[in-house]
Amino acid sequence: MDTVRDIMTSNPACCTPETKLEEVAKMMVDNDCGEIPVLNNRDERKPVGVITDRDICCRTVAEGKNPLEMTAADCMTTPCVTVIESDSVEDCCDI
């Protein structure tokens, strides 16, 4: 049975709630992804949410807000659900 470790990105690009949306969007382009985990801070690295390209579009641009004046905290999805790398892929999907 496959585990999360077998299919996960081991060192994903991450941001903090204070990261400017422009930087988050650049991280998505640089890493060819549409979702960035949001960590409480760079030292503790506890996941507190995620931000997607859709979050940026729907929670800023579509509402007439200026994304260049906003941070990840302004439009991230929280709380996040996490699993551990030894969990089975099946259990991960169930969670």
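User: How many salt bridges does the structure hold?
Analyst: Four. Keep in mind that this is a predicted model.

User: OK, what does arginine 5 pair with?
Analyst: Its partner is glutamate 85, with an N to O distance of 3.3 Å between the side chains.

User: Which residue does aspartate 55 bridge to?
Analyst: Arginine 59, at 3.6 Å, N to O. Both sit in helix 3 (residues 53–59), four residues apart, so about one turn of the helix.

User: How accessible are aspartate 55 and arginine 59?
Analyst: Aspartate 55 is buried, at 9% relative accessibility, whereas arginine 59 is partly exposed at 33%.

User: What else is around aspartate 55?
Analyst: Leaving out residues up to four places away in sequence, aspartate 55 touches Val50, Thr60, Cys75, Met76 and Thr77. With threonine 77 there's a side-chain to side-chain polar contact of 3.3 Å.

User: What does glutamate 63 form a salt bridge with?
Analyst: Lysine 65, with the closest N and O atoms 3.1 Å apart. Lysine 65 is partly exposed, at 40%.

User: Switching to the core. Which residues touch the most other members of the largest nonpolar core?
Analyst: Cys15, Leu21, Val24, Met28, Ile36, Ile51 and Ile56, out of 13 residues in that core. Helix 2 (21–30), strand 1 (35–39) and helix 4 each give two or more residues to the core. The largest share, four residues, comes from helix 2.

User: What does isoleucine 36 touch?
Analyst: Not counting residues up to four places away in sequence, isoleucine 36 touches Ala13, Cys14, Cys15, Val24, Met27, Met28, Val50 and Ile51.

User: Now serine 88. Where is it?
Analyst: In the loop between helix 4 and helix 5. Serine 88 is buried, with 10% relative accessibility.

User: What does the side chain of serine 88 reach?
Analyst: The backbone nitrogen of aspartate 91, at 2.9 Å. Beyond four places in sequence, serine 88 also touches Met1, Asp2, Thr3 and Val4.

User: Backbone next. Which peptide bond is cis?
Analyst: The one from threonine 78 to proline 79, with omega near -5°. Proline 79 is in the loop between helix 4 and helix 5.

User: What about phi of aspartate 32?
Analyst: Phi of aspartate 32 is near 50°, a positive value in a residue other than glycine. Aspartate 32 lies in the loop between helix 2 and strand 1 and is exposed, at 72% relative accessibility.

Methods: Residues are numbered from 1 along each chain as its sequence is written. This is a predicted model: local features need pLDDT of at least 70, side-chain atom pairs count only at pLDDT 80 or more; totals for chains, interfaces and linings use all residues. Side-chain values use heavy atoms; hydrogens and water are left out. Buried means under 20% relative accessible area, exposed over 50%, partly exposed in between (1.4 Å probe, protein chains only). A nonpolar core is a set of buried Ala, Val, Leu, Ile, Met, Phe, Trp, Tyr and Cys residues joined through side-chain atoms within 4.5 Å. Contact means heavy atoms within 4.5 Å. A polar contact is a pair of N or O atoms within 3.5 Å; within protein, one must be able to donate a hydrogen and the other to accept it, and residues adjacent in sequence count only if both atoms are side-chain atoms.
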